[in-house]
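Trainee: I would like to learn how to read the features of a structure. Can we go through one together?

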Amino acid sequence: MAGVEVVRRIAEEGEPAATVRLVNWADEEGARFGRSLFGSSAAAGSMADQDELRQRHDNDGIALPDALREHGVELDRALDARSELENAAAYLELHIEQGPVLESLELPLGVVLGTFGVERHQLTWTGQAAHAGSTPMDQRRDALAGAAKLDLALREIAAEVGEGAVCTSGNVVCKPGIVTSVVETAEQLLDQRHLDAGKLARLLELAKDRAARFADEENIEVSWERIWQIEPILFDEALIELADESIREVAGTSHRLPSGPLHDAAEVSRAGVPTVMLFVQSLRGLSHTKLEDTKPEHLELSVQALDRLASKALERVAAGDLGR
């Protein structure tokens with residue numbers, strides 16, 4: 001590959017050699033414990049929520065520190081991974097788009113400008129358990145009613161803030177969870193995202209206002225617990241230009257777009273490492289489903305573009321024009 005040839009030529013000429021390292025980050029999705037970008041945030045030194053992480057449990061009641069310990073990892077030492085990024089000059093990542101933009105434009109590849117900021121919370125709605133048959137409708141304190149109202153209101157909230165705002169209630173757990181009882185507690189997960197920090201804060205503000213109103217309407221209580229937060233991250237302008245150039249060389253046309261999904265690249269960028277991402281088209285814009293797919297010819301183009309981008313970045317690093 002061209003990237004390997006650049007490294008060899010630079011070394012033979014007696015100039016500082018730039019090398020490539022590959023990394024497989026741990027738990028980007030946060031599917032088990034709700035905490036995304038676990039490995040990359042440890043390496044970036046941004047894992048400031050360790051006290052909260054000690055309290056996180058999965059659906060089987062297993063604590064996060066115990067799950068890590070089963071694989072030889074101690075949560076208290078997670079930030080030791082910061083040493084892995086000390087000499088990093090640039091970070092490049094190739095990923096499927098997970099959305100419909102590139103396909104709608106009939107383009108195979110795109111350059112990512114940055115990743116949305118995220119506010120992720122767990123809301124606990126508290127009412128009163130009561131018999132489903134003997135409790136009149138107008139005398140119920142149904143915790144699920146608050147969660148349901150907020151879920152529908154999220155559409156209005158996202159539309160009000162606009163400019164790509166997205167809000168998702170991904171899960172609601174009801175207790176006692178039986179058909180013969182009014183719901184006493186409803187634990188609701190809320191995910192809000194935006195590329196602008198001010199608008200992200202506005203999304204959260206509106207959600208809290210609506211939740212307080214719904215709690216009052218239903219004669220129930222609501223409490224908030226932040227699970228995780230990350231500010232919007234904009235990628236390195238010089239690398240964006242190189243990525244754009246690389247895509248045009250292999251595909252003829254490029255497109256620049258933000259990323260709504262989170263990526264480990266955001267944490268690496270937050271650590272001060274110049275970062276950029278390439279997106280390859282997702283068929284039908286689908287992800288997190290068994291229907292997720294990408295055309296083989298687009299995958300080939302994406303690897304070619306990444307190879308060219310790596311070569312260009314290596315040359316810039318060796319020349320002293322790129323890096324921290």
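Mentor: What follows is a walk through a predicted model, feature by feature.

Trainee: Let us begin with aromatic rings. How many aromatic pairs does the structure hold?

Mentor: A pair of aromatic rings is described by the distance of the centres and the angle of the planes. This structure holds one such pair. W25 and Y91 form it, with 6.4 Å from centre to centre and 55° between the planes, and the pair is tilted.

Trainee: Where in the chain do W25 and Y91 lie?

Mentor: The pair links distant parts of the chain, 66 residues apart. W25 is in the loop between α1 (2-12) and α2 (38-44), while Y91 belongs to strand β1 (residues 91-96).

Trainee: Is W25 buried or exposed?

Mentor: The cut-off for buried is a relative accessible area under 20%. W25 has 19%, so W25 is buried. Y91, at 12%, is buried as well.

Trainee: Which residue lies over the face of W224?

Mentor: That is K208, at 5.6 Å from the ring centre.

Trainee: Now a helix. How many residues does α8 have, and what does α8 reach from its first C-alpha to its last?

Mentor: Helix α8 (residues 237-251) has 15 residues. From first C-alpha to last, α8 reaches 21 Å, close to the 21 Å expected at 1.5 Å a residue.

Trainee: What caps the N-terminal end of α8?

Mentor: D236 does, with a side-chain oxygen 3.2 Å from the backbone nitrogen of A238. After the helix comes G252, whose phi is positive, near 90°.

Trainee: Which residues of α8 are buried, and what do they pack against?

Mentor: The buried residues are L239, I240, L242, A243, D244, S246, I247 and V250. Their packing partners are β1, β2 (109-115), β8 (256-259), β9 (275-280) and α10 (296-318).

Trainee: What does the same length check give for α10?

Mentor: The 23 residues of α10 should span 33 Å at 1.5 Å a residue, and the end C-alpha atoms are 33 Å apart, which agrees. The buried residues of α10 include H298, L301, S302, A305 and D307. The helix is followed by G320, whose phi is positive, near 80°.

Trainee: Strands next. How many residues of β2 are buried?

Mentor: In a regular strand the side chains alternate between the two faces of the sheet. In β2, six of the seven residues are buried, so the strand is largely enclosed by the rest of the structure.

Trainee: Do β2 and β9 run parallel or antiparallel, and how many bridges join them?

Mentor: They run antiparallel, joined by four bridges. V112 stands opposite M277 in β9.

Trainee: In which sense do β2 and β8 pair?

Mentor: In the parallel sense, over three bridges.

Trainee: Where do S282 and T294 lie?

Mentor: S282 lies in the loop between β9 and α10, and T294 has its place in the loop between β9 and α10 too. S282 is buried, with a relative accessible area of 0%. T294 is buried at 10%.

Trainee: Which residues is S282 in contact with, leaving aside its neighbours within four places in sequence?

Mentor: I96, E97, Q98, G99, E103, D293 and T294. For T294, on the same terms, the contacts include I96, V280, S282 and L299.

Definitions and conventions:
Residues are numbered from 1 along each chain as its sequence is written. This is a predicted model: local features need pLDDT of at least 70, side-chain atom pairs count only at pLDDT 80 or more; totals for chains, interfaces and linings use all residues. Side-chain values use heavy atoms; hydrogens and water are left out. Rings of Phe, Tyr and Trp (its six-membered ring) pair if their centres lie within 6.5 Å; planes under 30 degrees apart count as stacked, over 60 as edge-to-face and the rest as tilted. Helices (H or I, at least four residues) and strands (E, at least two) are DSSP runs, numbered from the N terminus. Buried means under 20% relative accessible area, exposed over 50%, partly exposed in between (1.4 Å probe, protein chains only). A charge sits over a ring if NZ of Lys or CZ of Arg is within 6 Å of the ring centre and within 35 degrees of the ring normal. The expected span of a helix is 1.5 Å times one less than its number of residues. Contact means heavy atoms within 4.5 Å. A polar contact is a pair of N or O atoms within 3.5 Å; within protein, one must be able to donate a hydrogen and the other to accept it, and residues adjacent in sequence count only if both atoms are side-chain atoms. Two strands pair if DSSP finds at least two bridges between them.
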